[in-house]
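Subject: The two-chain model, and what I found in it

Hi there,

Here is the structure I promised you. Have a look at it first, and then read on for my notes.

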Amino acid sequence: MTADQAMWRRKAFEAAAVLARWALGALFIYMGLKKAMHPEEFLKLTRQYEMVHSPFLLNAIAAGLPWFEAFCGALLLLGIAVRGTALTLVAVLVPFTWLVWRRALALQALRAIPFCAVKFDCGCGAGEVFICGKLAENILLILVSCWLLSGVGRAFCARHALFSGKSGKI
Amino acid sequence: MPSSKSDIRAILIEAAIVVIAGLGIGLAANKVSPRGLALSRNYFPAGANQSPVAPRQLQVAPVAVDTNESPAAAELSERLRDKGLQELKRSQVETLLRDPRSRDGRVVFVDARNPDDYQAGHVPGAYELDPYHPDRELGNVLPVCQAAEKVVVYCTGGDCEDSDTAAILLRDGGVPGGKLFVYGGGITEWQAAHLPVETGARNSGMRSDSK
């Protein structure tokens, strides 16, 4: 591979990372605001997961999470604290995916249907979805977040990192 | 991937800042949003400690007991019983809508869905009471319900518990449980049966054909 080819490959890779960051950011803004417009609907869906039994905590999750998602989306779109935001998204998406999977298993047992035929509103902001598609989507979002966590997609960033690490990469 | 301990520490601190700022902004946005939730309110009162209403208080036309009731319908009936609420079937609600008392305010219908759904179509003459934002209408609806002989609350039907919540709100506001009824089938069943639906504001006179 010539030096030119290697440079173009690096540029294409970086452009893909920037596009992935923008796409992830836009998706989180859209999903977050959609839920924030109807917090009572999100509250009902959150309740189905039976995560917390305190009304205060349940309300705080349903009231704060949609805006929190939109905030994280805005940070990614603007390129602020990208790696910290990506880590936060992984920390949110992994347990949420597990909760969705657990609920789908419960619905599968209740309805006695194949796992991939389970369709329900998981509170993701997209209405009723088939579980297998949703799990695939979440895994993709986790992988993109992990990719951004590795430090790619620095172009067009307002402030990629809030602090400088020892390696100087941050 | 982060290449040194200081990188990892910097990312962790950054993530902590994102979480704290995000939660703070999220709760502040909820506070200022007109659609925001009240954090201290219990939106799903169980009402299990409410004593179920005696059968003699049910004075609407009885319907035949369906011994082949579906599991979903049985679950709905049990849910309402647990909350000390009385259930009405569609034919009973139809009878009440045709009852002359529904025209002079002695039989009142309450729609417990959100304003958009209410505008799209509700039982003719029904009052709007969104249980997630009771401050908007409760002040108007409560005196009407207190003065009525029968109050029928409904929402989408099926799994929808908003009618239960609205009925409990009314009961907590002083409407005797004996005259409070929940139409379990809700607007979905009502529209499926091609029963009259009013669109827009209450008593707008605009009717739509149920589909």
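Which residues in helix 3 of chain A meet which residues in helix 4 of chain A? A:Cys72, A:Leu75 and A:Leu76 are the ones in helix 3 of chain A, and their partners in helix 4 of chain A are A:Val82, A:Thr85, A:Thr88 and A:Leu89.

Some ground rules before the rest. This is a predicted model, in which local features need pLDDT of at least 70, side-chain atom pairs count only at pLDDT 80 or more, and totals for chains, interfaces and linings use all residues. Residues are numbered from 1 along each chain as its sequence is written, while chains are lettered from A and ligands numbered from 1 in the order in which they are written.

**Chain A and its helices**

Read from the N terminus, the order of its elements is α-α-α-α-β-β-α. The C-alpha trace of chain A spans about 60 × 35 × 30 Å along its principal axes. Of the 170 residues in chain A, 34% are buried; a residue is buried if 20 or more other C-beta atoms lie within 10 Å of its own, exposed if 12 or fewer, and partly exposed in between, with C-beta atoms placed from the backbone.

Back to the pair I opened with. Helix 3 and helix 4 of chain A pack at an angle of about 145 degrees, and their axes are 9 Å apart (axes are lines fitted to C-alpha atoms, for helices over the stretch in contact, and angles run from 0 to 180 degrees between N-to-C directions). Their contact has 5 nonpolar, 2 polar and no charged residues. Here Ala, Val, Leu, Ile, Met, Phe, Trp, Tyr, Cys and Pro count as nonpolar, Asp, Glu, Lys and Arg as charged, and the others, Gly among them, as polar.

Helix 1 of chain A (residues 3-37) also meets helix 3 of chain A: their axes come within 7 Å and cross at roughly 155 degrees. That is why helix 1 of chain A is roughly antiparallel to helix 3 of chain A (angles under 35 degrees count as roughly parallel, over 145 as roughly antiparallel, 65 to 115 as roughly perpendicular and the rest as oblique). This contact has 16 nonpolar, 3 polar and 3 charged residues.

**Where the chains meet**

How many residues of chain A are in contact with chain B? There are 33, and they touch 30 residues of chain B; two residues are in contact if their C-beta atoms, placed from the backbone, lie within 7 Å. On the chain A side, helix 2 (39-48), helix 3 (55-78) and helix 4 (82-111) each supply at least two residues. Helix 3 of chain A gives the most, with 13 residues. By class, this side of chain A divides into 20 nonpolar, 8 polar and 5 charged residues.

**Chain B and the cores**

Chain B has 7 helices and 7 strands, and 36% of its 211 residues count as buried. The largest nonpolar core holds 35 residues, and B:Val110, B:Val151, B:Val152, B:Val153, B:Tyr154 and B:Val182 touch the most other members. (A nonpolar core is a set of buried Ala, Val, Leu, Ile, Met, Phe, Trp, Tyr and Cys residues joined through C-beta atoms within 7 Å.) Helix 6 of chain B gives the most to this core, with 5 residues. A second, separate core of 32 residues includes A:Ala36, A:Leu65, A:Leu87 and B:Ala10.

A:Glu41, in helix 2 of chain A, is partly exposed because it has 17 other C-beta atoms within 10 Å.

A:Glu50 has a positive phi of about 50 degrees, although it is not a glycine. A:Glu50 sits in the loop between helix 2 and helix 3 of chain A, and it is exposed, with 12 other C-beta atoms within 10 Å.

A:Ala112 also has a positive phi, near 55 degrees. A:Ala112 is in the loop between helix 4 and strand 1 (119-121) of chain A, and it counts as exposed because 6 other C-beta atoms lie within 10 Å. For background, most residues other than glycine have a negative phi.

Happy exploring!

Conventions
Helices (H or I, at least four residues) and strands (E, at least two) are DSSP runs, numbered from the N terminus.
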